Amino acid sequence: ERHQAKATLLLAAANKLMNNYDVAIQAYRRAHELNRRIDHRPGMAKSLQGIATCLREQGSMDSADIYLDSAEHALAGIHDREMESRIADDRGLAACLRGDLESALRYWHETLAMHEAAQERNSMAAMLGKLGVVHQLRGDHRRAIDNYYKSLAIMEELNDMQGVGATCGNLGHIHLEHQEFDIARGYFERALEVARSISDRRAEADALNNLGVLCSRNGDHTKASTFDTQALAIRREIKDLPGEINSLHNLAEVSRDAGDLVHAQELYLECLSKLDITGDQRALTNTLVGLTSVFNLQDDHATAVVYGTRALGLAQRFGYLTEARNVTSLLHTSHKALRNTEQALLMLELHMAAKDSLASSEDQRMLLEREFQYTYEKETLADSLRHAAELVHVRDQQHLAETRSLATGGGAALVLLGGGLWFHADRKRRK
């Protein structure tokens, strides 16, 4: 039965890699039962952790946490470094996806220490990439870049192309945040090239999403829609529900910004129906904010108030300052149009309070950046510019090749986070 349990675990893992999550979960459950019969608790824990991973990939965060708790319970009283590191890694990912960045840092530093002690360089590179993402989300771009380059060096040494592509995506987002569009495009296009070279459909969708973000920021709605539509098709193909919702949300914003309000409304409502499955509260809040905006633009201010009030409640409950700032501004407009003077004034006051809180957060981010020594900053910046210049050169060569291909009728056009995590993807939504 021990050999049968191992074989079943391998079957489950293979199906998980192919995104056959329902089949993988069934196999993990069989493996868990086989390991339970022989009282092999590490095997039980591995099976339960595998189920948790599949559920998380499908967007069922709460159910994933329950199975992760069970996996940890199965290890009680025994020492299994591999499973301990896996569970700590998953805990960090769950915390990051929920916005608890301090807990994510704690779990992932703990996991990194385990991998360093065992000299597991591939796992060390993955953890460094994940820590880079958390620092990036915190606005600490110096630490983010430092972690990304350490990760990238190991990944290139080990020829881990999936990791290389994900890290390029994350570096692209840092430059995008600084409005360095050409450099960001170079990183995103390299991530796309890598994803296609290794036939990684999920990473390809992420790279498409990132390029859609870039085009949207540049006001090119047509190209943004093309990239987002391609990403949506892939995410549906691989049954990536959180990614599908993200693509629908992006397409809704592109339609709204292009003035197609009816289509934008339809896309936001489709997002809303799917978010009941995933339980992603931040995505739900952003979708409600989007609907508030669309109904305001259609002069249906009463309906805008319904969606906006719900969004504000979630933003206040979970501490989403950016969403609170955005929706209070929209609700101020709605109530003002409806001549609800008191409510309009209240929304204005809440809007100013949210802006002040965000300004305070920005001050903290700037203090984090100043923690680094001047010499360190110069070295990091020099490395960043050197790598970026190399990528822009590659992009220019690719652009010439694409131009020749298009002239003969060929060619194809092609993100929070490409991410060195999930993370090989950006789950951030466009504001």
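Visitor: Where does Asp39 lie?

Guide: Asp39 lies in the loop between H2 and helix H3 (41-57). Helices are DSSP runs of H or I with at least four residues, strands are runs of E with at least two, and both are numbered from the N terminus. This is a predicted model, in which local features need pLDDT of at least 70, side-chain atom pairs count only at pLDDT 80 or more, and totals for chains, interfaces and linings use all residues. Residues are numbered from 1 along each chain as its sequence is written, and side-chain values use heavy atoms, with hydrogens and water left out.

Visitor: Is Asp39 buried or exposed?

Guide: Read the relative accessible area: under 20% is buried, over 50% exposed, and in between partly exposed (1.4 Å probe, protein chains only). Asp39 has 58%, so Asp39 counts as exposed. Look at its backbone too. Phi of Asp39 is near 55°, a positive value in a residue other than glycine.

Visitor: What is phi of Asn19 near?

Guide: Phi of Asn19 is near 65°. That value is positive, and the residue is not glycine. Asn19 sits in the loop between helix H1 (2-17) and helix H2 (21-37). Its relative accessibility is 15%, so Asn19 counts as buried.

Visitor: At what angle do H2 and H3 pack?

Guide: Start with the axes: lines fitted to C-alpha atoms, for helices over the stretch in contact, with angles from 0 to 180 degrees between N-to-C directions. H2 and H3 pack at about 165°, with their axes 8 Å apart. That makes H2 roughly antiparallel to H3 (over 145 degrees; under 35 is roughly parallel, 65 to 115 roughly perpendicular, the rest oblique). The crossing of H2 and H3 is left-handed: the near helix is turned anticlockwise from the far one by less than a right angle, whereas clockwise would be right-handed.

Visitor: How far apart are the axes of H7 and H8?

Guide: The axes of H7 and H8 are 8 Å apart, and the packing angle is about 160°. H7 is therefore roughly antiparallel to H8. Their crossing is left-handed. Now find Arg138, in the loop between H7 and H8. Arg138 has a relative accessible area of 23%, so Arg138 is partly exposed.

Visitor: Within what distance do the axes of H4 and H5 come?

Guide: The axes of helix H4 (residues 61-74) and H5 come within 11 Å and cross at roughly 155°. So H4 is roughly antiparallel to H5. This crossing of H4 and H5 is left-handed.

Visitor: Which residues have the most contacts inside the largest nonpolar core?

Guide: In soluble globular proteins, nonpolar side chains tend to be buried together. A nonpolar core here is a set of buried Ala, Val, Leu, Ile, Met, Phe, Trp, Tyr and Cys residues joined through side-chain atoms within 4.5 Å. The largest has 45 residues, and Trp108 and Val134 have the most contacts inside it. The elements that give two or more residues to this core include helix H5 (81-97), helix H6 (101-117) and helix H12 (221-237). A second, separate core has 30 residues, among them Leu241, Leu251, Leu267 and Leu272.

Visitor: How many aromatic pairs does a search of the whole structure find?

Guide: A pair of aromatic rings is described by the distance of the centres and the angle of the planes. Rings of Phe, Tyr and Trp (its six-membered ring) pair if their centres lie within 6.5 Å; planes under 30 degrees apart are stacked, over 60 edge-to-face, the rest tilted. The search finds 2 pairs. Phe295 and Tyr307 have ring centres 5.5 Å apart and planes at 5°, so this pair is stacked. The pair links helix H15 (residues 281-297), which holds Phe295, to helix H16 (residues 301-318), which holds Tyr307; the two residues are 12 apart. Phe295 is buried at 7%. Tyr307 is buried at 17%. Phe318 and Tyr320 also stack, at 5.6 Å centre to centre and 20° between the planes. Here Phe318 is partly exposed at 34%, while Tyr320 is buried at 7%.

Visitor: What sits over the ring of Tyr107?

Guide: The charged end of Arg106, 4.7 Å from the ring centre. The test asks for NZ of Lys or CZ of Arg within 6 Å of the ring centre and within 35 degrees of the ring normal.
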